[in-house]
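Thanks for making time this morning. I would like to walk you through one model, going from local backbone features to confidence and then to the contact between the chains.

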Amino acid sequence: MKYLIILFLICFISTTSYSQQDSTHVSDSTRPYALVAGGSKGIGYGIAEALAKRGYNLILIARHMDTLMAAKNKLESVYPIHVEILAIDLSYDTAAGEIAKWCTDHHIHLKILCNVAGLGGANDYLSFPLDSLRYMVRLNIESCMALSLTLLPLLEKNAPSYILNVASMAGFAPIPVKNMYSATKSAVVFFSYSLRYQLKDKNISVSCLCPGPVFTKPEIVKDTKAKLGWFGMKMALDPGTVGEVAVKKTLKKKLIIVPGTLAKISSDLIRFFPRRWVVNLYGSAGKKKTS
Amino acid sequence: MSWALIAGGSKGIGFSIAEALAKRKYNLVLVSRNMAELQSAKNTLENRFNIKAEIFECDLSSDKSAELIFVWCSTKNLEVNILCNAAGLGGSKDFLDLPIEDLRRMIRTNLESPTALILSFIPILKKNAPSYILNVGSLAGFSPIPSKSVYSSTKSAILFFSFSLRQLLKSDDISVSCLCPGPVFTKPSIEKETINQLGRAGKKMAVKVSVVGELAVQGMLDHKMIIVPGKFSSLISYLLRIVPNRLLSHIFYSHQKKNTDNRNVNQTIQ
């Protein structure tokens, strides 16, 4: 009888502890983490969702706590994962160091780093204040390089791991009306090419997402329609699809990722033709809109 | 009197550009970090050519450099119609070997400060048109080089920027050029590194600093978009533009790896 009671007790304890574990997702924190810088909305959110679908825990970083909170709630309610959120302005010099420190302090099992945060828009040079110009360089280039460097030790420890930088098709050829944007994105493309080879021996795969137009905001729909016409509308994708393709191909260790067949063909043409032709073409398309 | 502003004009390619401009009777505004070097550059140029040279000490990687230079030029009432961005950071150490602060300095000196400086000066350049802008890129801006990843990224960005800016300023009679030199032996360390990495081809590609400055100014005044000094470098630059980036970065990487492996073997033997 005594043994029976003990046996019963053991069974009870083990079942309750098991059910407790189940209800609070304790076992989830052993799952690998993916950090998405700029993951609260747009393409970043698309990428976060595609990663969540594959069972990765997430660390989302963005400027605003409310959009982060909304993203966290949405993702955690649909997928059985943990979502950590950090409200940090990535253009600050201290941001990369802070994020790396937070990750090591919390013993994050980091396997994927996605640098998505970026700033762009039309007519981004001549009519821009100097501070916005600097902000753009720091967010689009510096933060991507800085985060890759500071998180490298963690990624190396958890190899095989992945880095995904988000550039743009604008990084393949200069677009006059998006002067600073396409310059900064070309730097990201070049950086990704180089980094891929530098980290080859460390078993870290580097990919670079170069999407055509993605309809993340209503302005972009309008802008694309005005500048590229029906062709642009046909090339455009929604952020969900872009995120899904990006994650799938990142995990397959592709270097340059261009989602969408039409965008892929255009990007190959842009890379093939002499830059001067492409710039002239872009220049006349830009003028069509302003006149 | 027309003035030419040269950021990073106290030595190296910047100084040779200054020399070529002085030869053409332009007055000069030289900007750099080091007052002693600026002073000696000013003395050399004013003695050799019959021109005036103003100097301004300023760290071009600092946040407000563009604003400071612009305000200083406006208070002196200098009618600038040529703007050359020759300041740049590079070297054999790059991503993975450098602390993040140094990488930021590189990005800010090579990309942020030229774009900010040009933007501040566009009103003056418009007023004094026809004007010229010369950015100094590099052959490294044509293809990604893994061992110089941040350097070649910033140089690619400045090349893209120059292409776009040329279109944007066409109607204002401001011509934009981008100088993309191959190896230029401005320091003994560069000569050693080039021969080490590129061997005979590197030595053949190298062009004298004074020649680079002269060709750059000539090309700029001829409204050329891309200026690659030296026939051999020019040929290489076409190759770099035609061959896919993927293949190029692979070639650079395996070449680099072979070199470092050889060096390691040599060191262990010694």
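Let me begin with a term: a residue is called buried if 20 or more other C-beta atoms lie within 10 Å of its own, exposed if 12 or fewer, and partly exposed in between, with the C-beta atoms placed from the backbone. By that count A:Lys253 is exposed, since 12 other C-beta atoms lie within 10 Å, and its phi is near 65°, a positive value in a residue other than glycine. A:Lys253 sits in the loop between helix H9 (239-251) and strand E7 (256-257) of chain A, where helices (H or I, at least four residues) and strands (E, at least two) are DSSP runs numbered from the N terminus.

Before going on, please keep in mind that this is a predicted model, in which local features need pLDDT of at least 70 and side-chain atom pairs count only at pLDDT 80 or more, while totals for chains, interfaces and linings use all residues. Residues are numbered from 1 along each chain as its sequence is written, and chains are lettered from A and ligands numbered from 1 in the order in which they are written.

A:His107 also has a positive phi, about 50°, although it is not a glycine; it lies in the loop between helix H4 (95-105) and strand E4 (110-115) of chain A, and it counts as exposed because it has 9 C-beta neighbours inside 10 Å.

Turning to cis peptide bonds, the one from A:Ala159 to A:Pro160 has omega near 0°, and A:Pro160 is in the loop between helix H6 (152-157) and E5 of chain A. In chain B, a cis bond joins B:Ala129 and B:Pro130, with omega about 5°, and B:Pro130 is in the loop between helix H4 (100-127) and strand E5 (131-136) of chain B.

How far can we trust chain A? Its pLDDT, the predictor's confidence in each residue from 0 to 100, averages 86, and 88% of the residues score at least 70. Where pLDDT is low, the predicted coordinates should not be read in detail.

Finally, the contact between the chains, where two residues are in contact if their C-beta atoms, placed from the backbone, lie within 7 Å, takes 35 residues from chain B and 35 residues from chain A. On the side of chain B that touches chain A, the largest share, 14 residues, comes from H5(B).
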